[in-house]
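Please look over the sequence and the model before reading on.

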Amino acid sequence: MIDLRRQSDRTRAEFESLVQQHLDTLYAAALRLTRDGKDAEDLVQDAVLRAYRFFDKFERGTNFRAWIFKILTNTFINRYRRVVKERSLVDGPETEAVTEQFVSREAAEQAADPERHFLDQLVSDDVVKAIDALPIDFRMVVILADLQEFSYKEIADILAIPVGTVMSRLFRGRRLLEKALLAYAAESGHVTTRADGSIDLEAARRRRAT
Amino acid sequence: MTLDPFRPAMDCAEIGRSAEALLDGEFDDRERAEAEAHLSACDRCRGAVEKLARTRTAVREKLRAAMGPSSPHGRAPAALRARIAEALDRDRLPWWRRALAPLPLAAAAACAAGAMLVLWTHGKADSLAEETAAWHSRDLPLDVTTASLGPDSVARWFRGKVDFNTRPPEFRRAGVKLLGGRVSSIRDRPCAYMRYELPPSADGAQKPHGPLGLFILDDPQHRFGEAGREVRVGPETVRLLNARGYNVAVWRKNEIVYSLVSDMDEPSLERLVEAALSAQR
Ligand SMILES: [Zn+2]
């Protein structure tokens, strides 16, 4: 039987206090999904209003953050995402198992210098640009895992995809992000690339020393 | 993972495949113990996992600095907090009516948030009434307000933003006040959206009504043919429909289509449209 009463004041207060706790992270995620301030605000408002209208479906005591992020990403996918255009970028060999080894060679070489990580010098603008350049399916899992720190299981639930797909998207998304970050680092002179595209850390060190 | 004493210990290939899951804290105790046993014995894997961990930590720190709560990208603007609180205040129409109206009860009862959203968008091609009611219910902020522009300038403000003249019906005599406008989009085409406030007791209802939403769009190809109950108002044919818990009045003037969305009951909406259209003549 459906309860025909309106949301009570108590429900409203409970809902608002939960939403207030998560509004910053919802906005941060929305901004990276839409890449536009106005769209991000609209997306958050849409998701919050929708969550409010379905708040009776939320099981008290379960993970509110995961629940409202599911509504946010759903709203985004249904309303904001240009399905055809963005989809074609992503659905490649995604179904193949995660068999690639560790980290990309460039990033591994860079990481070999524990004092100065190649990322240390990067400015936030470049980090934002690198994230925003990721194809949307990878961007979503990287944001959910590395910014919002959701578990694989939670991400699988939020995006309604299998855990294996989360893992492969996360793996590929992270490698693409590292590559992009490295490109920005190279551009700003913190690392140098050889003619074959690999990284010449020594050259960059020599240049920094002079 | 089951406890199997005969299961071979994790090998290099397995560590290589699952290093990210290990670092992401996805291993259970037994898996972690196995991985640690391998890493303490295998320099190659240990070195690789350490490098991976350093990169992972560095990337996460960068992400936090660039878009975490201490950065401007990671903080909801104060205006957003305010407008969400306002939207919740205005969400007066019983939430269950809007939420459940377009769905059979069985589907509505069964659905979690996700399933509901999918049904909403993929259930069927929406009619104009459906689309405009859905857009109106989002209660998005206005681009321009009567308070800032004056009541006569809102329609003019749309010039250049939509490629037709927006001539809203004359609601003023009915005591209906223009609040402002926003460019909306219906089926990927820009259209004019105006929001109105009803006088306190338009139909003698106890609860105050939510705002009216008026959509004006051009439709030279007659993409929007509406069903619904037909009412003649002078030379105009107005169709009255119910969509998503709202009552919607749709009428056409040559290539321009109007859709008026309201939470008033149908007779009240009909009277209002009649008053507005006859005031225009
Ligand atoms: Zn090994």
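Glu20(B) and Arg175(A) form a salt bridge, with their closest N and O atoms 2.7 Å apart. A salt bridge here is a side-chain nitrogen of Lys or Arg within 4 Å of a carboxyl oxygen of Asp or Glu. Glu20(B) sits in helix α1 (residues 12-23) of chain B and Arg175(A) in helix α9 of chain A, so this pair joins two chains.

This is a predicted model: local features need pLDDT of at least 70, side-chain atom pairs count only at pLDDT 80 or more, and totals for chains, interfaces and linings use all residues. Residues are numbered from 1 along each chain as its sequence is written, chains are lettered from A and ligands numbered from 1 in the order in which they are written, and side-chain values use heavy atoms, with hydrogens and water left out.

- Glu20(B) and Arg175(A) are both buried (buried means under 20% relative accessible area, exposed over 50%, partly exposed in between, with a 1.4 Å probe and protein chains only).
- Arg175(A) has a relative accessibility of 10%.
- Glu178(A) also bridges to Arg175(A), at 3.0 Å from N to O.
- These two residues are 3 apart in helix α9 (residues 163-187) of chain A, which means about one helical turn lies between them. Helices are DSSP runs of H or I of at least four residues, strands are runs of E of at least two, and both are numbered from the N terminus.
- Glu178(A) is buried, at 6% relative accessible area.

**A bridge within chain B, and the total**
- Arg229(B) pairs with Glu270(B) in a salt bridge, the closest N and O atoms being 2.9 Å apart.
- Arg229(B) lies in strand β5 (residues 229-233) and Glu270(B) in helix α11 (residues 266-280), so the bridge ties together parts 41 residues apart in sequence.
- Arg229(B) is partly exposed, at 40% relative accessible area.
- Over all chains, the count is 35 salt bridges.

**Cysteines**
- The whole structure has 0 disulfides over all chains (a disulfide is a pair of cysteine sulfur atoms within 2.5 Å).
- Cys12(B) is partly exposed at 32% relative accessibility, while Cys191(B) is buried at 0%.

**Helix packing in chain A**
- The axes of α3 (residues 64-80) and α7 (residues 136-147) of chain A come within 13 Å and cross at roughly 165°. Axes are lines fitted to C-alpha atoms, for helices over the stretch in contact, and angles run from 0 to 180 degrees between N-to-C directions.
- Phe69(A), Thr73(A), Phe76(A) and Ile77(A) in α3(A) meet Ile136(A), Met140(A) and Leu144(A) in α7(A), contact being heavy atoms within 4.5 Å.
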